[in-house]
Each structure stands twice: as C-alpha cells, then as structure tokens.
Amino acid sequence: MKILITCPPMLKRIDEFRHIFEAKGVEIHIPNMVQTLSEEELITLLPEFDGWIIGDDPATERVFEAGKKGLLKAAVKWGVGVDNVDFKACEKLGIPIINTPQMFGAEVANIAVGYVIGLARELFLIDQEVKKGNWIKPSGMSLKDKKVGVIGFGDIGKHTAKYLKGLEMDVIVYDPFAKKTEEEEKLFSFLDFPENIEELDFLVATCALTPSTKNMVNMSIFERMKIGVRIVNVSRGGIINEKDLVDAMNKGIVYSAALDVFETEPLPQGNALRQFERCVFGTHNGSNTIEGVRRASHQAIEHLFNFLKL
C-alpha cells in the first residue's frame, strides 16, 4: 500500500508520523514541492498510489480520473478549505473523500487578530523602518469601539469574532448561513453583506471560497467603504479581488492590508500589491502550529486508513 502526501505543513513534520504508516506496512511518498504540485504533475504521479492526503493542490476531475485508472482508492483533504478539490468528481468516480474540519479555528483566528493589531498600531511598518536604520513613531489607532466586519462565521470566524470582541471592538458578522447561539446574538451584530459596510474601520475575511464568495470584496464594495479602512484576509485569495484592492489602495480608500492568502501562491514577484509598504504579506500559513498540524495530520491519517480498511 502506497500513499502520496502533498500537504506542506504535514510534510514538514513527517518524521513525527512515519511510525504510524510503518506499523500498517504503508509506504509514503514525499514529492519535491514548495506549495503545490501542478495538475499535470499529479496526473502523472497519482495513479501509482492507493491513497492521497491532499494539500492545496489542484485536485480536479482530470486528476482523480487519472488516479482512478491507476491504484487510487481514497483521498483526504488535509485541513478545512475544500475549494481546490472536486468532491463531485470523487462521488462520480466512487472515490471516498473527506476533509478535516474544526481543526484550526483558534490558530487562524490568532493570525487574524495579530494582523488587526499590527495594522492598527503600524507594527509592521515600524519593523521595516527600524531595519532600514530609521526610528519612526507613527500614531496608531485605538481598537476600543472601532467597528470590524467579519465575513464568515464558521470555526475560524467564530473564534475571530470572539477575540476581536475581547479587544472591545464592535463586531459585525456577515454570513447568511451563520449558526449562532443566543449569547453570540447578544455579542455580535449579524447583517447581510454589505450592509453598514461604510461604517467599518476593519474588514476581516474568514469565509470559505465558493461561487458566491469569489471576488465578493471588489471595487463596488471598496467604493462604499470609509477612507482609511484596513483589510485582513486569512481565508482564500479569491475572496478579495486583488486588482481592485490595488486600485483601492492607490485611491487611498484602503489604508493598509494584511494578506495571508493570494489568488496565486506563492505570490508572484510582479504582483502589484508588492509596491505598497502598508501591505503586509503572509504565506498561507495561518493554520501552521505544531499542535494544529499534529491534530489535523492524525485525523487525516485516521480517515484515510478507515477508507483503505487498514
């Protein structure tokens, strides 16, 4: 039995999990990769494997069809986001598949709140300037009573909203499918996007990428927002239209932004967002803590072994 693993956080800590595979007589393959394998690489490689633990790779119908023609029997999407995986193709081909939800709500929310604080107090800009030999003291923004919109109220969104409320911010939640408790209804305002968008000091994206959320934050939204708004995205790059964000920053609508995710990853050298000193970049790394990776990896292995009857 052979398993392909293409999830970078899990691969980084693979020695911690090798004994689990060895105990079942399973051979694992670790490809040479940075973020993802291409569709063509996967089409060539996947048929050799009985199982696949998927990262952010293009897990398309073509890829699964190729795998099905070979040895592929089951797959698991490591982590929460599933926008890169064609689940309908798996169903059609009879390939059992599942993701690992409810793993990283606190971890990604920590990053989101860190970005909010960093943008409010210009921490990232100060760091850059001190490294250049300068000693700047920009005036920051107090967070108490500032309005922040959180797009998405899943595991990540719930944690993010709770932490921001702990900073005494006024939290507005945008999620038409929000499952909320009575306590949460008292803590947060639940509105239809983009209601009251013009009042926000911050907008934080924590939602899944779906046809209805793709490019939902675009120029028509930016033009309604107050001058000087700050943007944070810890969900998926496609939620925010990058070209429109560039235009909004050039026009001075968006004062600063912190982006852990992008439309194309790794971020291309020629991407226009790189020109802004107040645009802070991550590496789609919000879930990557030792504890979080351990939880998700063990669950992914358990799911895959169950599918393969190991």
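Mentor: Happy to! Thr283 counts as exposed, because its relative accessibility is 59%, and a residue needs over 50% for that label. Keep in mind as we go that this is a predicted model. Thr283 sits in the loop that links strand 12 (279-281) with helix 12. If we set aside neighbours within four places in sequence, Thr283 is in contact with Gln35 and Asp260. Pro266 is 17 residues from Thr283 in sequence, and the two C-alpha atoms are 7.3 Å apart in space.

An open sheet of five strands, paired in parallel, has the order 2-1-3-4-5. Its edges are strand 2 (27-29) and strand 5 (97-99), each of which pairs on one side only. On average, neighbouring strands in this sheet are turned by 15° against each other, with direction ignored. Inside the sheet, strand 3 (residues 51-54) and strand 4 (residues 74-77) run parallel and are joined by four bridges.

Now for another set of paired strands. Strand 6 (residues 147-151) is parallel to strand 7, and five bridges join them. Across that pairing, Val150 stands opposite Val173 in strand 7. Strand 7 (residues 170-174) is mostly covered, with four of its five residues buried. Strand 6 also pairs with strand 9, in the parallel sense and over four bridges. There, Val148 has Phe202 of strand 9 as its bridge partner. Strand 9 in turn pairs in parallel with strand 10 (residues 229-233), over four bridges, and Phe202 has Arg230 as its bridge partner in strand 10. As for the side chains of strand 9 (residues 202-205), Phe202 and Val204 point one way while Leu203 and Ala205 point the other way, and all are buried.

Helix 6 (residues 105-120) packs against helix 8 (residues 155-166) at an angle of about 45°, and their axes are 8 Å apart. Because of that angle, helix 6 is oblique to helix 8. The crossing of helix 6 past helix 8 is right-handed. Helix 6 contributes Gly105, Ala106, Val108, Ala109, Asn110, Ala112, Val113 and Val116 to the contact, and helix 8 contributes Asp155, Ile156, His159, Thr160, Tyr163 and Leu164. Sorted by class, this contact has nine nonpolar, four polar and one charged residues.

Glu129 belongs to helix 7 (residues 123-131). Glu129 counts as buried because its relative accessible area is 11%, and the cut-off for buried is under 20%. Not counting residues up to four places away in sequence, Glu129 touches Asn134, Ile136 and Glu277.

Conventions
Residues are numbered from 1 along each chain as its sequence is written. This is a predicted model: local features need pLDDT of at least 70, side-chain atom pairs count only at pLDDT 80 or more; totals for chains, interfaces and linings use all residues. Side-chain values use heavy atoms; hydrogens and water are left out. Axes are lines fitted to C-alpha atoms, for helices over the stretch in contact, and angles run from 0 to 180 degrees between N-to-C directions. Helices (H or I, at least four residues) and strands (E, at least two) are DSSP runs, numbered from the N terminus. Angles under 35 degrees count as roughly parallel, over 145 as roughly antiparallel, 65 to 115 as roughly perpendicular and the rest as oblique. A crossing is left-handed if the near helix is turned anticlockwise from the far one by less than a right angle, and right-handed if clockwise. Contact means heavy atoms within 4.5 Å. Ala, Val, Leu, Ile, Met, Phe, Trp, Tyr, Cys and Pro count as nonpolar, Asp, Glu, Lys and Arg as charged, and the others, Gly among them, as polar. Buried means under 20% relative accessible area, exposed over 50%, partly exposed in between (1.4 Å probe, protein chains only). Two strands pair if DSSP finds at least two bridges between them.
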